[in-house]
Amino acid sequence: MQLTYQKLPAQLRRSSKLRKLMAVLVTAYAIKRFSPYVWRRIQRSAAGKQLGGSSGVVSTSSSSCVDNNGENKKRKNNRSPSVNRDFILRLTHLLKLLFPRLLCPEIGLLVLHSITLISRTFLSIYVAGLDGVIVKCIVQKDPQAFVLQLAKWLLVAVPATFINSAIRFLEGQLSLRFRGRLVDHAYQLYFTNQTYYRVSNMDGRLSNPDQSLTEDIVMFSASVAHLYSNLTKPILDVVVTCYTLFRTAHSKGANTTWPSVIAGLLVVVTAKVLRSCSPRFGKLVAEEAKRKGDLRYMHSRIIANSEEIAFYGGHKVEMAQLQRSYRSLSSQIHHILLKRLWYIMLEQFLMKYVWSASGLVMVAVPIITATGYSQYDSEEVKQAAILMKEEELVSERTQAFTMARNLLNAAADAVERIMSSYKEVTELAGYTSRVSEMLGVFEDVNKGIYRRSADQEGESTGRGGVIQHGQRVSGPLEIKGRVISVETGIRCENLPIITPTGDVVVSSLNIQVDDGMNVLITGPNGCGKSSLFRILSGLWPVYGGVLYRPEPEHMFYIPQRPYMSEGTLRDQVIYPDSVEEMFQRGVSDSDLEQILRTVHLVYILDREGGWDSVSDWKDVLSGGEKQRMGMARMFYHRPRYALLDECTSAVSIDVEGNIFQAAKDAGIALLSITHRPSLWKYHSHLLQFDGEGGWRFEPLDASTRLSLQEEKLRLENQLSGIPRMQQRLAELCLLLGEREGEDTE
């Protein structure tokens with residue numbers, strides 16, 4: 001033992017040389033690792049300077065630059081979600097939404113969660129040391145000390161289990177808070193400027209907004225909260241346990257150089273192997289979420305159109321489409337499971353078995369090389385360690401081995417979680433991409449920026465040319481028109497009617513609707529009648545010209561199929577107002593009853609059980625009743641202008657006439673799309689589209705037009721009989737053996 005003490009300085013000198021060698025190796029590895037990155041940066045900067053110096057060449061080849069930019073955009077759009085700079089930027093933007101200010105409930109939960117994670121780490125170290133003491137008591141055959149240490153171990157289990165449960169509870173609370181922040185922000189964008197309509201009808205980037213608003217936000221919130229736990233605690237575990245192991249080893253004079261070398265090499269090699277073999281989980285998860293959304297959309301479409309499908313007997317076609325969508329999702333899930341099978345197998349082999357074998361070596365080397373004292377200990381301590389009995393040495397070694405093994409297992413488990421969390425980070429990249437894309441589309445649509453699917457395939461053609469009927473505008477649609485709010489009247493100046501798909505229905509419309517005018521709008525299908533209403537209501541943008549119109553709250557649009565909301569019978573009449581807003585208007589239930597009497601629906605009060613009755617109104621009310629309910633809403637809101645789009649096609653002619661006359665008496669200007677001649681007398685002007693891009697706006701003389709209509713129908717009936725008469729004449733001539741036109745003698 002004395003000889004060992006004399007050789008101690010040489011060992012210390014040898015260990016310092018090994019440390020220097022390790023520092024040189026680490027520096028060489030760092031140079032090898034980062035030199036390609038530095039070299040690429042130098043090349044890029046040099047290429048940028050060359051491009052800057054040859055501006056004349058660039059200007060002469062502008063067309064090729066446009067092509068390259070288009071290819072770069074396409075390449076950027078096709079880039080799959082992964083852990084890169086875009087992911088960091090998107091995640092940073094979303095984290096600002098999750099933590100809007102420094103003092104917010106989410107920060108408090110995060111701090112509390114961090115405290116529980118730190119407490120769990122120090123409890124793990126204390127339990128590891130306690131395990132070593134218990135084993136030492138067993139080896140020393142000291143039952144009294146064993147019972148005492150076991151009691152401590154059981155007492156520690158109470159706060160340890162509570163902290164474990166608190167970690168899961170706080171993680172769930174963080175996930176719920178994150179989800180609430182994102183849902184509030186997304187809903188605010190979704191219901192601003194009619195984004196809920198425009199994102200599905202004017203923009204083609206989001207195929208399933210409902211999937212993004214529900215599943216994607218839930219998965220992103222849970223992934224962020226779980227990843228924080230899975231990264232914070234393991235990193236803290238590694239730091240604290242490594243520090244504890246080093247401190248314990250140095251206190252016993254053990255050599256920690258080779259265990260450190262083994263641990264470093266093992267972590268580096270494992271990380272390199274797993275990173276090179278890791279599938280692109282971000283892309284796989286994003287595609288799985290997209291296919292889940294497609295399957296959900298198929299189900300919702302069948303539910304929404306179940307009656308039509310049943311009438312047509314189209315269940316086989318719908319079932320085939322549903323099965324095809326499910327098989328697509330199933331194949332994607334199977335593909336992900338197959339990728340995870342081999343990746344998890346490799347991960348478990350490296351982190352369980354290779355690391356366990358290496359851990360035994362890392363624990364054995366310090367114990368074998370330990371002297372029992374530190375170089376900073378006093379001479380008395382060193383002498384006591386040298387003269388220690390073999391039995392005491394065995395118990396000390398057993399305690400050190402047990403404690404080191406437990407701490408090393410904890411550190412290895414922490415490193416394993418850190419390295420396996422890379423897979424979770426790539427999955428988070430997929431969820432981040434979808435949520436960020438959804439919010440980006442909502443923000444663009446709010447600003448009036450729309451992009452269709454075709455925009456991603458090529459640039460606009462025909463920009464700056466004259467807009468003509470029948471052509472389709474390719475590329476992004478530019479909103480060049482103006483909307484000017486006025487108190488009364490509607491005026492269109494060179495207003496084009498263009499659909500969201502880019503089809504030009506009418507190239508230029510010029511009309512003026514003054515006070516007292518009631519306009520009848522007619523024309524064939526697809527000529528732009530309903531499209532004009534959507535532009536006047538503000539649903540579609542004005543792509544050119546000038547539109548003078550009142551504010552949207554002074555215009556009320558009634559479609560052919562009125563929407564029935566959830567709620568009471570009263571809610572159906574006053575929609576979209578609430579009961580409080582109804583009372584603020586000064587409207588009572590007796591006023592609503594009078595409105596129902598005007599539209600011939602007062603009997604519904606007795607049939608359905610009063611104003612507070614709740615039913616599934618879209619199924620309870622018939623088609624004609626729903627249309628009359630839509631007209632009742634018009635009388636409740638009393639707008640200046642009512643845009644009526646075939647809204648009484650299922651109502652009887654006499655009731656329909658009474659409703660239109662009541663609307664005129666109430667001072668509501670009517671702009672009506674209808675094919676019933678019985679309604680002509682309630683209108684003063686006619687706007688007629690010909691379906692070829694042309695239109696005509698003129699005063700309407702109902703009596704003259706009705707007489708002309710009757711004469712037209714009479715002539716059509718007479719002319720329709722001429723072909724039958726000619727066919728019968730040819731048959732008679734054939735039977736008589738005569739030619740047509742010959743006279744019989």
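Visitor: Among contacts in the protein chain between residues at least 6 apart in sequence, what share joins residues at least 24 apart?

Guide: In this predicted model, that share is 77%, where a contact means heavy atoms within 4.5 Å. Residues are numbered from 1 along each chain as its sequence is written, and side-chain values use heavy atoms, with hydrogens and water left out. Since the model is predicted, local features need pLDDT of at least 70 and side-chain atom pairs count only at pLDDT 80 or more, while totals for chains, interfaces and linings use all residues.

Visitor: How many helices and strands does the protein chain have, and what share of its residues counts as buried?

Guide: The protein chain has 24 helices and 10 strands, these being DSSP runs numbered from the N terminus (H or I with at least four residues for helices, E with at least two for strands). Of its 745 residues, 39% count as buried, a word that stands for under 20% relative accessible area, with exposed over 50% and partly exposed in between (1.4 Å probe, protein chains only). The accessible surface of the protein chain comes to about 42,500 Å², and 58% of that area belongs to carbon and sulfur atoms; the areas come from the Shrake-Rupley method with a 1.4 Å probe, and for residues only the protein chains shown count as cover.

Visitor: Why is V183 called buried?

Guide: V183 sits in helix α7, residues 143-190, and has a relative accessibility of 17%; buried means under 20%, so V183 falls within that class. Its C-alpha atom is separated by 7.2 Å from that of L213, which is 30 residues apart from V183 along the chain.

Visitor: What makes E171 count as buried, and which residues does E171 touch?

Guide: E171 also has its place in helix α7, and its relative accessibility of 18% is under the 20% limit, so E171 counts as buried. Not counting residues up to four places away in sequence, E171 touches H113, A225, H226 and S229. Of these, S229 is 58 residues apart from E171 in sequence, yet the two C-alpha atoms are 7.4 Å apart in space.

Visitor: Why is α5 called roughly perpendicular to α7?

Guide: Two packed helices are described by the angle between their axes and the distance between the axes. Helix α5 (residues 85-98) and α7 pack at an angle of about 100°, with their axes 9 Å apart; the axes are lines fitted to C-alpha atoms, for helices over the stretch in contact, and angles run from 0 to 180 degrees between N-to-C directions. Angles of 65 to 115 degrees count as roughly perpendicular, under 35 as roughly parallel, over 145 as roughly antiparallel and the rest as oblique, so α5 is roughly perpendicular to α7. L94, L97 and L98 of α5 make the contact with F178, R181, L182 and H185 of α7. By class, this contact has 5 nonpolar, 1 polar and 1 charged residues, where Ala, Val, Leu, Ile, Met, Phe, Trp, Tyr, Cys and Pro count as nonpolar, Asp, Glu, Lys and Arg as charged, and the others, Gly among them, as polar.

Visitor: What makes α6 roughly antiparallel to α7?

Guide: Helix α6 (residues 105-139) and α7 pack at about 160°, with their axes 8 Å apart, and an angle over 145 degrees counts as roughly antiparallel, so that is the description α6 receives. The contact of α6 with α7 has 26 nonpolar, 6 polar and 7 charged residues.

Visitor: What makes N494 partly exposed, and why is E646 called buried?

Guide: N494, in strand β2 (residues 490-498), has a relative accessible area of 48%, which lies between 20% and 50%, so N494 is partly exposed. E646, in the loop between β7 (641-645) and α23 (653-665), has a relative accessible area of 16%, under the limit of 20%, and is therefore buried. Most residues other than glycine have a negative phi, and most peptide bonds are trans. N494, although not a glycine, has a positive phi of about 50°, and phi of E646 is near 50°, also a positive value in a residue other than glycine.

Visitor: Which residues does a cis peptide bond join?

Guide: The cis peptide bond joins Y575 and P576, with omega about 5°, and P576 lies in the loop between α17 (569-574) and α18 (579-584).
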